[in-house]
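Please read this briefing alongside the sequence and the coordinates.

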Amino acid sequence: MKSPKIVILDAATIGDVNLSRLEQFGTLEVFATTQLEEVAARIQGAEIVITNKVPINRSILESTHTLKLICVAATGYNIIDIQCAAEQGIIVTNAVGYSTNSVVAHTFSMLFYLSHHSRYFDDYTRSKKWCESPTFNHLGESFYELSGKHWGIIGMGAIGRKIADIAQAFGCQVSYFSTSGKNREQPFKCIDLDQLLQQSHIVSIHAPLNEKTANLIDEAQLKMMSSEAILLNLSRGGIVNEAALASALDLGEIAAAGLDVLETEPPQEDNPLFHIQNKDRLLITPHIAWISHESRERLITEVHKNIEAFLKGEPRNRV
């Protein structure tokens, strides 16, 4: 039996993870990055394609006659034209659960950086102002404990559930909003979005981007939030309206925001979030919440298992 050709389109997004284990399945061709206009040529003759963020649209799918499996090296699969893939008999799989621990850790990292004013205190110390202090400490910015605070979670999947458990361990009162309207069998209170926004000191988003969540947090929703509230988005950028968020931060309508995702990645230089007046209110990281080394190792293990199962005629994680 002829070994299948396997193409990885954007290995650079996965980093220093050993991909050689995939060679057991066939001839492996690895590209660090791939532009959209290069995809069709690069996957010609391939039976299996692995992509993290490179889109594969209808015109690309209709240009290939050998492709049998697309492995999305991520949980979200909106980069693939699923309908066209089904029409062509191409199986699409994703990876689930691999990044939970990494994203959860980054969520709390962002929260404490913002809520404890770490940037301010670090700048204070680095400027040597502490050397001139008449006391052993510095009471420049107040911060508060998590115990007793309301934490609202938008999207109670695996990540949201683990956030809820840890927040509760800190003494938070946890409630959530189900973006699908179906996930209500949780040991936490399920409430509507307006109520969640109005009562929460911390709001964290862990939901997929789809027709129900696109622009979910806009000007009207931000105005519902407390001026002391912190908004965290570690899911997809299109869920939060960036212009509305920039305005809310400048007007002091919310206390702070932490974003690991933006609507366009990499962002444009004219993104309104880059031009807010009080930059201490905003923390943006470049889509790295999922990117711990352990998470990336688990991701490739999931891709490996998906290919292995497909070749056995038993597809797993099919979308």
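The points below go from the whole chain to single residue pairs.

This is a predicted model, in which local features need pLDDT of at least 70 and side-chain atom pairs count only at pLDDT 80 or more, while totals for chains, interfaces and linings use all residues. Residues are numbered from 1 along each chain as its sequence is written, and side-chain values use heavy atoms, with hydrogens and water left out. The chain has 319 residues, with 10 helices and 12 strands. The structure holds 13 salt bridges and zero disulfides.

**Chain overview**

- Helices (H or I, at least four residues) and strands (E, at least two) are DSSP runs, numbered from the N terminus.
- Along the principal axes, the C-alpha atoms of the chain fill a box of roughly 75 × 45 × 35 Å.
- Of the 319 residues, 45% count as buried; buried means under 20% relative accessible area, exposed over 50%, and partly exposed in between (1.4 Å probe, protein chains only).
- The chain exposes about 15,900 Å², of which carbon and sulfur atoms supply 51%; the areas come from the Shrake-Rupley method with a 1.4 Å probe, and for residues only the protein chains shown count as cover.
- Among contacts (heavy atoms within 4.5 Å) with a separation of 6 or more, 62% are between residues 24 or more positions apart.

**Annotated span**

- The UniProt record, an unreviewed entry, places "domain: D-isomer specific 2-hydroxyacid dehydrogenase NAD-binding" at residues 109-289.
- UniProt positions are given in the numbering used here, feature names are shortened, and annotations may be inferred rather than shown by experiment.
- Residues 109-289 are 28% helix and 15% strand, and the end C-alpha atoms of this span lie 10 Å apart.

**Salt bridges**

- A salt bridge is a side-chain nitrogen of Lys or Arg within 4 Å of a carboxyl oxygen of Asp or Glu.
- Because E29 lies in strand β2 (residues 27-30) and K5 in strand β1 (residues 5-8), the pair ties together parts that are 24 residues apart in sequence. E29 is partly exposed at 31% relative accessibility, and K5 is partly exposed at 24%.
- R21 forms a salt bridge with E297, the closest N and O atoms being 2.9 Å apart. This pair links distant parts of the chain, with R21 in the loop between β1 and β2 and E297 in helix α10 (residues 293-311), 276 residues apart. R21 is partly exposed, at 26%, and E297 is partly exposed, at 25%.
- E87 and R58 meet through their side chains at 3.0 Å, N to O. E87 lies in helix α3 (residues 82-87) and R58 in helix α2 (residues 58-62), so the pair ties together parts 29 residues apart in sequence. E87 is partly exposed at 48%, as R58 is at 30%.
- R58, E62, D81 and E87 are linked in a network of salt bridges.

**Cysteines**

- A disulfide is counted when a pair of cysteine sulfur atoms lies within 2.5 Å, and the count comes to zero.
- C84 is buried at 1% relative accessible area; the closest cysteine sulfur to that of C84 is in C71, 18 Å away and too far for a bond.
- C172 is buried at 6%; the closest cysteine sulfur to that of C172 is in C190, 18 Å away and likewise too far for a bond.
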